[in-house]
Amino acid sequence: NILYIAILMLSVYGISKNISGKKEIGLLSSFIVATFPMIFGMSKQFLTDYPLTAFVSLSIYFLLCSDHFENRRYSIFFGISIALGMLTKPAYIFFIVFPLIYTLRNDFNVVKSLPKPILFLSELKKRKSILNVLFSIGIGMCLASIWYIPNLDSILWLNTTNRGGTATVDLQSFLFYPIGIINYEISFFYFLIFLILFSREIFRGRLSIKNLEPNIIILTLWIIVPYFIFTLYFPFKEFRYLLPSIPSIAIGISLIIDKIGGIYKLMIIALILLYSSVQFFIMNYGTDTLPKEVSFNIWPQKPIDKIILFAQEYRYEYPGHWEESWTYTAKNENWKVEGIIDIISNDSIKD
């Protein structure tokens, strides 16, 4: 996953730098996302959720750099990233489609001129962005179709299998992913930091629907829309499904910190650097000097039965299914690698 780690870190850095105009905010965002428990935990796994997180972040970066598709080079890069994301996991579309639609909101008026071909072609010539959009999406579709067209039946079967019924709409369903984000994806520490900083901005009147910047709206759509899709459309839920949206939280925390002036800004950054570094090493290697977990119960149903204030390993259970952990500590175990290789080699010689 080293390649995907690099893509994720550079993409998050680029998004934050693009929005804030500051390299240090880009670096802070990269550090924060790298120390989210499920992010660094899943970087040790071979599931496609981590690569998908990297490619979604890359697409958002190219989308911002395209300058509403006025920049053809980044529009082409965005199209290539669409193909990479779709070839990684079909769920990619849930994370990128609404940020894309919002970016194109001013170009939809051209559709009104479709009944008049001459006027429509004239509008297309005036708006280079529309041609770039068509070119970009065309590149993505052509590259992705190399696999999707011959495997269309498998995609339809997979969608039916993943759904497996009708999603339950109740309080537990709506709380599943928010509690999962707090407990297992970003940790209670980062949630508390975000909550305090976000509340501060609201009370100061800096955050309201009317004065939100377009880039901030894109970050919001990046996490809000997938949350509702995976909550309302898919009956079976797993915390990792929402992982590709998590970088938006790291970027949001960094951008709000950037608005704080003076010594308070430095204190918050120092606290994040110190606590997250300690948390990172504790989760990877463990310690006997601290408790294994500090939590309190809030709900009778696992795996959202508690709020975890601190844990050395974020382990949870899906009742009747299985138990999972993405942040297990390093262990010294003999996996009999040499013996396995010898058996395979000897068997190959016999064949």
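**Helix packing and local geometry in a predicted model**

G85 is found in helix 5. The model is predicted: local features need pLDDT of at least 70, side-chain atom pairs count only at pLDDT 80 or more, and totals for chains, interfaces and linings use all residues. Residues are numbered from 1 along each chain as its sequence is written, and side-chain values use heavy atoms, with hydrogens and water left out. Helices (H or I, at least four residues) and strands (E, at least two) are DSSP runs, numbered from the N terminus.

G85 has a relative accessible area of 0% and is therefore buried. Buried means under 20% relative accessible area, exposed means over 50%, and partly exposed lies in between (1.4 Å probe, protein chains only). In sequence, G85 and F55 are 30 residues apart. In space, their C-alpha atoms are 5.4 Å apart. With neighbours within four places in sequence left aside, G85 is in contact with L52, F55 and Y92. Contact means heavy atoms within 4.5 Å.

L221 and L100 are 121 residues apart along the chain, and their C-alpha atoms are separated by 9.7 Å. Beyond its neighbours within four places in sequence, L221 is in contact with F98, P99, Y102 and P226.

Helix packing was examined next. Two packed helices are described by the angle between their axes and the distance between the axes. Axes are lines fitted to C-alpha atoms, for helices over the stretch in contact, and angles run from 0 to 180 degrees between N-to-C directions.

Helix 1 (residues 2-20) packs with helix 2 (residues 23-34) at an angle of about 140°. Their axes are 7 Å apart. That angle makes helix 1 oblique to helix 2. Angles under 35 degrees count as roughly parallel, over 145 as roughly antiparallel, 65 to 115 as roughly perpendicular and the rest as oblique. The crossing of the two helices is right-handed. A crossing is left-handed if the near helix is turned anticlockwise from the far one by less than a right angle, and right-handed if clockwise. From helix 1, the contact involves M9, V12, Y13, S16, K17 and S20. From helix 2, it involves K23, I25, G26, L27, S29, S30, V33 and A34. The residues of this contact divide into 7 nonpolar, 5 polar and 2 charged. Ala, Val, Leu, Ile, Met, Phe, Trp, Tyr, Cys and Pro count as nonpolar, Asp, Glu, Lys and Arg as charged, and the others, Gly among them, as polar.

Helix 1 also packs with helix 12, at an angle of about 145° and with axes 10 Å apart. I15, N18 and I19 in helix 1 meet N215, I216, L219 and W222 in helix 12. Here the contact residues comprise 5 nonpolar, 2 polar and no charged.

Helix 11 (residues 188-203) and helix 14 (residues 262-285) cross at roughly 165°, and their axes come within 11 Å. The two helices are therefore roughly antiparallel to each other. The crossing is left-handed. F189, Y190, I193 and L197 in helix 11 meet I268, L271, I272, Y275 and S276 in helix 14. This contact holds 8 nonpolar residues, 1 polar and no charged.

Helix 14 has 24 residues. From first C-alpha to last, helix 14 reaches 36 Å, close to the 34 Å expected at 1.5 Å a residue. The expected span is 1.5 Å times one less than the number of residues. Its buried residues are K265, I268, I272, S276, Q279, I282, M283 and N284. Their cover includes helix 2, helix 3 (37-42), helix 11, helix 13 (247-258) and strand 2 (306-311). G286 follows helix 14 and has a positive phi, near 75°.

Backbone geometry in the loops was also examined. D67 is found in the loop between helix 4 (49-65) and helix 5 (72-88). Its phi is positive, about 55°, although D67 is not a glycine. At 45% relative accessibility, D67 counts as partly exposed. K336 lies in the loop between strand 4 (322-325) and helix 15 (337-350). K336 is a residue other than glycine, yet its phi is positive, near 55°. At 54% relative accessibility, K336 counts as exposed. A cis peptide bond joins K302 and P303, with omega about 5°. P303 lies in the loop between strand 1 (293-297) and strand 2.
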